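Here is a walk through one protein model, taken contact by contact. Keep the sequence and the coordinates open as you read.

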Amino acid sequence: CLILSALYVSFSLATLLWMSREDREEFFTPDQCLKWRFGVPLHLVALSAFTCALIWLAGSLERSVMTLKEGLSNGTILWIILLVFLFAVAAVAASALWMNLTTHYLTRSVNRRHFSTCSGLVADGGCDRPQNEYDLNFIGGYPLMAEGEAIPACSVCGEPQTFFFQITFAGKHPWCGYTLAAFLCTSCSEEENCIPERLEGELWDADIPAGFLERYQKNFRFVVTQISDCVIREDYVPKIKFQPLVPCDGLPRLGWTVNIEAPDWLAGNEAPGCYASTEKVLFLCQLAPGFLFPLLPGAPPYRLPDPSGKLYVASSTHYEYFLGNSIYLYGPENPERGLVYAFPQCN
């Protein structure tokens with residue numbers, strides 16, 4: 001028992017030291033890092049206590065058996081050994097259960113403000129569980145917003161906009177601690193508003209004019225809020241089925257993915273340079289082309305304008321975000337004003 005405990009402690013300490021290095025977060029999700037950083041010390045404490053108790057029990061049992069050896073039958077001694085074995089198994093199980101429950105609580109509470117630092121997120125289409133307070137990156141369902149803040153309304157038709165997806169920033173990102181809720185109107189589909197208004201002239205390294213990001217959000221809206229101020233807005237009536245966005249590496253260029261590491265340009269680099277000639281802008285995320293948002297039963301169908309301007313039903317099973325183009329989101333380094341620059345690309 002002592003030899004195995006020593007080997008386990010040595011391995012656990014070496015792993016803990018290795019996982020504590022900041023660059024290890026490039027290879028592991030925060031959940032994994034937090035579980036090692038919290039779980040290993042807790043497990044070591046439990047294992048040490050269990051080892052000490054087992055050694056003490058073995059010593060006491062040996063003395064008792066030696067004292068009562070003359071009066072005990074072989075069957076009784078076997079029963080005593082069996083009870084000690086069952087106690088050891090129960091102690092190990094209790095130690096593991098305590099570690100898992102404790103690390104689950106710690107990683108959940110800490111991860112309330114974190115998401116994976118991997119290359120991207122992918123929609124978990126097979127998830128059937130309801131949305132909960134620990135979901136920070138997802139499509140559909142209820143948005144995370146400040147309590148009392150109005151659900152965005154379309155400035156074209158006046159109808160409430162539809163919530164599409166939520167992205168929360170963490171780690172070393174300048175927007176760490178903030179979350180972004182993306183809305184788009186699905187009640188009107190005028191041709192000139194099917195994609196966001198684009199800047200004039202050269203797009204790469206462009207200077208976004210002052211006031212542009214405040215006025216160009218007509219039939220869509222990006223709501224940026226500190227995650228500590230957010231609640232699940234159950235007063236909103238969802239139209240899109242809730243699906244969590246889970247960490248994924250090696251993202252495909254098409255489908256249900258959100259790129260959070262670096263833009264994957266489909267038609268050349270069009271990254272802007274600054275906002276109002278003073279603020280540097282940075283990459284926030286990219287919605288992959290062909291991203292389909294599944295509808296809930298009873299949700300209005302997806303409608304698009306035909307060449308004559310009349311609306312027709314394009315789909316009764318899903319919505320598309322800005323015609324299903326790849327959407328790139330950029331924003332100033334300071335997230336307090338909630339300014340987001342969105343522009344599409346298609347291949």
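Arg-198 is partly exposed, because its relative accessible area is 31% and the buried class stops under 20%. This is a predicted model. The side chain of Arg-198 forms a salt bridge with that of Glu-270, at 3.4 Å from N to O. Arg-198 sits in the loop between β5 (178-184) and β6 (207-208), and Glu-270 in the loop between β10 (257-259) and β11 (274-275), so the contact ties together parts 72 residues apart in sequence. Glu-270 itself is buried, with a relative accessible area of 15%.

The whole structure holds five salt bridges. Another one of them joins Arg-337 and Glu-279, with an N to O distance of 2.0 Å. This pair also links distant parts of the chain, 58 residues apart. Arg-337 lies in the loop between β17 (326-332) and β18 (341-345), while Glu-279 belongs to strand β12 (residues 279-287). A further salt bridge connects the side chains of Asp-235 and Arg-233, at 2.8 Å from N to O. Here the arginine is covered: Arg-233 counts as buried because its relative accessible area is 6%.

Next, the strands. What does β5 pair with? Seven bridges join β5 to β7, and the two run antiparallel. Within that pairing, Ala-182 stands opposite Phe-222 of β7. Strand β7 spans residues 220-226 and is mostly covered. Five of its seven residues are buried.

Now the cysteines. Cys-127 is buried, with a relative accessible area of 8%. Cys-285 is buried too, at 2%. How many disulfides are there? The count comes to zero. A disulfide would be a covalent bond between the sulfur atoms of two cysteines. The test applied here asks for a pair of cysteine sulfur atoms within 2.5 Å.

Trp-79, Leu-82, Leu-83, Phe-85, Leu-86 and Val-89 make a nonpolar patch of about 640 Å². Leu-82 is found in helix α3, which covers residues 74-110. Is Leu-82 buried or partly exposed? Leu-82 counts as partly exposed, because its relative accessibility is 37%.

Note on methods
Residues numbered from 1 in each chain as written. Predicted model: local features only at pLDDT ≥ 70, side-chain atom pairs only at ≥ 80, totals over all residues. Heavy atoms only, no water. Patch = residues over 30% accessible without salt bridge, like charges linked within 9 Å, V, L, I, M, F, W, Y side chains within 5 Å. Areas by Shrake-Rupley, 256 points an atom, 1.4 Å probe, with all protein chains shown as cover. Salt bridge = Lys/Arg side-chain N within 4 Å of Asp/Glu carboxyl O. Helix = DSSP H or I, 4+ residues; strand = E, 2+ residues; numbered from the N terminus. Buried < 20%, exposed > 50% of the residue type's maximum accessible area, 1.4 Å probe, protein only. Pairing = 2+ DSSP bridges.
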